[in-house]
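Visitor: Could you walk me through this one? I'd like to begin with the aromatic rings.

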Amino acid sequence: IYGFESFENNSLEQLCINFANEKLHQQYIGRVLSCEQQVLREEGIEWSCAAPYRHNSGCLELIEHPTRGVFALLNEECSLNRRSSQTQPATLASRIQASGNLTDSMRTAVFRVTGAKACGGVGARARQGPRRHNDAQSSFGIRHYAGDVAYSTVGWVAKNQDKGAQARLGELLAECHNDFLRTILATAEDGGDGRSSSSSSSSS
C-alpha cells in the first residue's frame, strides 16, 4: 500500500523504507481497524464482518528497540569505530539474530537466511538467501506485514556513518553567526584545551 520494497538485493535503504511503511501500517491498524471496532463494541452496535488484522509490533520492536533493535546495534557498531573488515557485516547480522538479544515478540519477526540463491524477495523466495554463499552469514530476514524480506548488512556501517554529512555539518557550523556555537567548534578544532594548533606546535 505504502511503497513496500523487496528486491533481489536488499540493503539499509530498503530497511529504512520498509520501516517507515511498517509505522504507517501500524497507524492504519490502530486508527482505522482497532479503534473503529472498539467504538462499535462500546456503542453496542452489532456487525457481522469483523475485519481481521495482524499486529506488527514485533517487527517494529525488532527494528527500533532502543538497545536491542537493528538500528541501535548498527549505531553501536559505528560508535565502536572498529577497523572495517570482511567480518564486520557478519558480526552485525549475528548480533541482530542472537537469541539472547531478542524479546519474545522480536523472535516472531526475525528469521535466518540460508542457501546460495538470489537474496531478497517476498515469502519463500526471501529464505533462499544471498547470491554468494559467504553472504548468508552477513544476512538476516525480517517478517514484514507484506512478506518476508532478506537483508544484506554489507556496507551498512559506512552508509550509517555518512562522513560526508558530518563534513557538511562542520561547514555549516563554521558559517554560523552564533557566538556560542562558533566557540564550541573552535574548541573542538583545537583539541578541546582552548589552544590553537599553531601555538602548540610553536611552543614545542
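Visitor: How many aromatic pairs are there by the rule you use?

Guide: The count comes to four aromatic pairs, where rings of Phe, Tyr and Trp (its six-membered ring) pair if their centres lie within 6.5 Å, with planes under 30 degrees apart called stacked, over 60 edge-to-face and the rest tilted. Phe140 and Trp156 form an edge-to-face pair, at 5.8 Å centre to centre and 80° between the planes. This is a predicted model, in which local features need pLDDT of at least 70 and side-chain atom pairs count only at pLDDT 80 or more, while totals for chains, interfaces and linings use all residues. Residues are numbered from 1 along each chain as its sequence is written, and side-chain values use heavy atoms, leaving out hydrogens and water.

Visitor: Are Phe140 and Trp156 buried or exposed?

Guide: Both Phe140 and Trp156 are buried, meaning under 20% relative accessible area with a 1.4 Å probe and protein chains only, whereas over 50% would be exposed and anything in between partly exposed.

Visitor: And which residues form one aromatic cluster?

Guide: Phe140, Tyr151 and Trp156 do.

Visitor: What else is Trp156 in contact with, leaving aside neighbours within four places in sequence?

Guide: Its contacts (heavy atoms within 4.5 Å) include Ser11, Leu12, Leu15, Val70, Leu74 and Leu92.

Visitor: Switching topic, how many residues does the largest nonpolar core have?

Guide: That core has 25 residues, and those with the most contacts inside it are Leu15, Leu62, Ile142 and Trp156; such a core is a set of buried Ala, Val, Leu, Ile, Met, Phe, Trp, Tyr and Cys residues joined through side-chain atoms within 4.5 Å.
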